[in-house]
Amino acid sequence: MFVPRVNLPEHMPIVEGRWFLIDDRQQVMVLDGQVPVGTEAPVGVESQHLLGLDDGTPIWAARAKPGFNDPDDAEWVNLRALFGRIPEHEWAMAGRAAQVLLWARDHQFCGRCGTQNEPHSIDRAMECPSCKLQSYPRISPAV
């Protein structure tokens with residue numbers, strides 16, 4: 001069962017998680033036909049966000065750095081084309097990962113005063129340290 005979270009529990013040891021790696025073209029990395037698993041991303045990342053825990057397994061969304069050397073068995077697949085190639089609940093998480101990464105990229109600065117935002121400590125939000133405006137992502141279901 002998937003439980004949304006923004007931070008890992010303090011007592012949780014470092015464990016392998018699933019990595020939804022998205023590039024600038026909104027394509028998802030699959031390794032040997034599956035979502036990568038590991039204690040860290042298999043490529044360099046610009047930003048990463050914990051989406052939550054799926055039966056105790058961390059689920060990460062990460063923006064892949066452009067020009068990074070991909071593993072030999074890596075394939076970048078458009079999110080729509082990924083449907084049916086991975087389990088449906090993983091495909092839904094890949095969509096959520098893409099939306100969270102776009103939101104984080106587009107909300108780096110406060111829309112009210114222009115100050116650089118900071119991640120909120122307990123909510124999935126960006127918060128302006130100056131005027132305290134909070135920006136939350138829009139998570140849209142597929143239609």
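**Salt bridges and a buried arginine**

At 45% relative accessibility, Arg105 counts as partly exposed. The term covers values between buried (under 20% relative accessible area) and exposed (over 50%), computed with a 1.4 Å probe on protein chains only. Arg105 forms a salt bridge with Asp106, and the closest N and O atoms are 2.9 Å apart. A salt bridge here is a side-chain nitrogen of Lys or Arg within 4 Å of a carboxyl oxygen of Asp or Glu.

The model is predicted: local features need pLDDT of at least 70, side-chain atom pairs count only at pLDDT 80 or more, and totals for chains, interfaces and linings use all residues. Residues are numbered from 1 along each chain as its sequence is written, and side-chain values use heavy atoms, with hydrogens and water left out.

By the salt-bridge rule, the count comes to five. One of them joins the side chains of Arg18 and Glu90 at 3.6 Å, N to O. This pair links distant parts of the chain, 72 residues apart. Arg18 lies in strand S2 (residues 17-22), and Glu90 in helix H2 (residues 88-106). Helices (H or I, at least four residues) and strands (E, at least two) are DSSP runs, numbered from the N terminus. Arg18 is buried, with a relative accessible area of 13%. Glu90 is buried as well, at 11%.

Asp23 and Arg25 also meet through their side chains in a salt bridge, at 2.8 Å, N to O. Asp23 counts as buried, at 8% relative accessibility. Arg25, at 59%, counts as exposed. Salt bridges that share partners join Arg18, Asp54 and Glu90 into one network.

Arg63 is found in strand S6 (residues 57-64). Arg63 is buried yet has no salt bridge. The nearest side chain of opposite charge, Asp24, is 4.3 Å away. For charge, Lys and Arg count as positive and Asp and Glu as negative; His and the chain ends are not counted.

The side chain of Arg63 has other partners. It reaches the backbone oxygen of Asp23 at 2.8 Å. It also makes a polar contact with the side chain of Gln26, at 3.4 Å. A polar contact is a pair of N or O atoms within 3.5 Å; within protein, one must be able to donate a hydrogen and the other to accept it, and residues adjacent in sequence count only if both atoms are side-chain atoms. Leaving aside neighbours within four places in sequence, Arg63 is in contact (heavy atoms within 4.5 Å) with residues including Ile22, Gly44, Glu46 and Leu101.
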